[in-house]
Amino acid sequence: MADHDAGSSAPDVQNGEQPPGKQSRAGRNLPAAITVGALLAGLLVYTLLFAPRFWVVILAVATPIATHEVTRRLREIGYDVPFIPLALGGQAMLWLSLPFGARGALGAFGATAVLCMIWRLIGRGLHHTPANYLRDMSATVMIAVWVPLCMSFAALLVYRDDGPGRVLCLLFPVVFSDTGGYAVGVLFGKHPMAPAISPKKSWEGFAGSLVLGIAAAVFAVTVFLHRPWWVGLPLGLLLVLTGVFGDLIESQVKRDIGIKDMGRMLPGHGGLMDRLDGLLPSAVMTWIVLTVLP
């Protein structure tokens, strides 16, 4: 759930950059954002319908890109975050989830954290005392959870016989929640939800996210998984919350860094991480709900 919705950060940019093109009230190039979003949605739906296991390949490509966006931005303000072990560990989390499920992903995550701790400790040799070691390792472990581990839960969704439907139960609520929040927030948003973090996120937009997100979840579980409609109620509610707070978390990280976007890869959206901020924690929640509920 990117920052282009009504709950996004304000269009003023602390580093002086301004996004090109015609701007919407949310501070985005809306035609470009719609075009890119439609192309991405078409690619994902086609993949799930005709080559569902290719979903894991898409995640494997996206993971190091998103990881690099975050680590690069942190390095710009002085953090020493080891990208190479994060990238290698991210691939291990994804691909070990294929034969071993959640145990493989969690085991690879633990190994990645250990490798990063050692890498950062000896990166400049054992004769040099690492500066800001605790700060840098805290950021590193957060990135490992935030990007590759959450990506692994997105991969876990597709391995079942009804895997494509499970992934759609992730995508539909998050996308429609984002759309509802944007539309209602832009048209009716007057009461700020978290002005210190994301000034344009409104309670009216949040209500729009709830309505469309829960409706999309009910539709998805009944049509794609043939489960009782009520399963969509907790799923939709939780995905709206993780989507909104995923957006807020990334907004706060960007405020700490002093930037508007993590990158410029996707016109109208910013970086890849700006598009994944709501999807990543929502993937974990989708896997939990669809695993626990009948």
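Is H226 buried or exposed? H226 is exposed, with a relative accessible area of 68%; exposed means over 50% relative accessible area, buried under 20%, and partly exposed in between (1.4 Å probe, protein chains only).

## The model and its fold

This is a predicted model, in which local features need pLDDT of at least 70 and side-chain atom pairs count only at pLDDT 80 or more, while totals for chains, interfaces and linings use all residues. Residues are numbered from 1 along each chain as its sequence is written, and side-chain values use heavy atoms, with hydrogens and water left out.

The chain holds 10 helices and two strands, where helices (H or I, at least four residues) and strands (E, at least two) are DSSP runs numbered from the N terminus. Of the 294 residues in the chain, 51% are buried. Among contacts with a separation of 6 or more, 73% join residues 24 or more positions apart; contact here means heavy atoms within 4.5 Å.

## Annotated transmembrane regions

An unreviewed UniProt entry places the feature "transmembrane region" at residues 30–48, 104–122, 134–159, 165–185, 206–225 and 231–249. UniProt positions are given in the numbering used here, feature names are shortened, and annotations may be inferred rather than shown by experiment.

Two of these stretches can be set beside the model. Residues 104–122 are 100% helix and 0% strand, with end C-alpha atoms 27 Å apart. Residues 206–225 are 95% helix and 0% strand, and their end C-alpha atoms are 27 Å apart.

## Helix α6 against helix α7

Two packed helices are described by the angle between their axes and the distance between the axes. The axes are lines fitted to C-alpha atoms, for helices over the stretch in contact, and angles run from 0 to 180 degrees between N-to-C directions. For α6 (residues 163–188) and α7 (residues 203–224), the axes come within 7 Å and cross at roughly 155°. That makes α6 roughly antiparallel to α7; angles over 145 degrees count as roughly antiparallel, under 35 as roughly parallel, 65 to 115 as roughly perpendicular and the rest as oblique. The crossing is right-handed, a term for the near helix being turned clockwise from the far one by less than a right angle, with anticlockwise giving left-handed.

On the α6 side, the contact includes G165, L168, F172, G180, G181 and F188. Its α7 side includes E204, G205, G208, L212, G213 and F224. The residues of this contact divide into 14 nonpolar, nine polar and one charged. In this scheme Ala, Val, Leu, Ile, Met, Phe, Trp, Tyr, Cys and Pro count as nonpolar, Asp, Glu, Lys and Arg as charged, and the others, Gly among them, as polar.

## Helix α7 against helix α8

Helix α7 also meets α8 (residues 232–257), with axes that come within 8 Å and cross at roughly 135°. The two helices are therefore oblique to each other, and their crossing is right-handed. From α7, F206, S209, L210, G213, I214, A217, V218 and V221 take part, meeting G232, L233, L235, G236, L237, V240, L241 and V244 in α8. By class, this contact has 12 nonpolar, four polar and no charged residues.

V211 is found in α7 and is exposed, with a relative accessible area of 57%. V211 and G181 are 30 residues apart in sequence, and their C-alpha atoms are 9.2 Å apart in space.

## Helix α3 against helix α5

Helix α3 (residues 83–100) and helix α5 (residues 133–156) pack at an angle of about 25°, with their axes 9 Å apart. That makes α3 roughly parallel to α5. The contact is made by L86, G90, M93, L94 and S97 of α3 with a set of α5 residues including T140, I143, P148 and L156. By class, the contact has 10 nonpolar, four polar and no charged residues.

T112 is found in helix α4 (residues 102–122) and is buried, with a relative accessible area of 3%. Not counting residues up to four places away in sequence, T112 touches P85, L86, G89 and M93.

Now back to H226, which lies in the loop between α7 and α8. H226 has a positive phi of about 55° although it is not a glycine. N132, in the loop between α4 and α5, has a positive phi of about 55° and is not a glycine either. At 45% relative accessibility, N132 counts as partly exposed.
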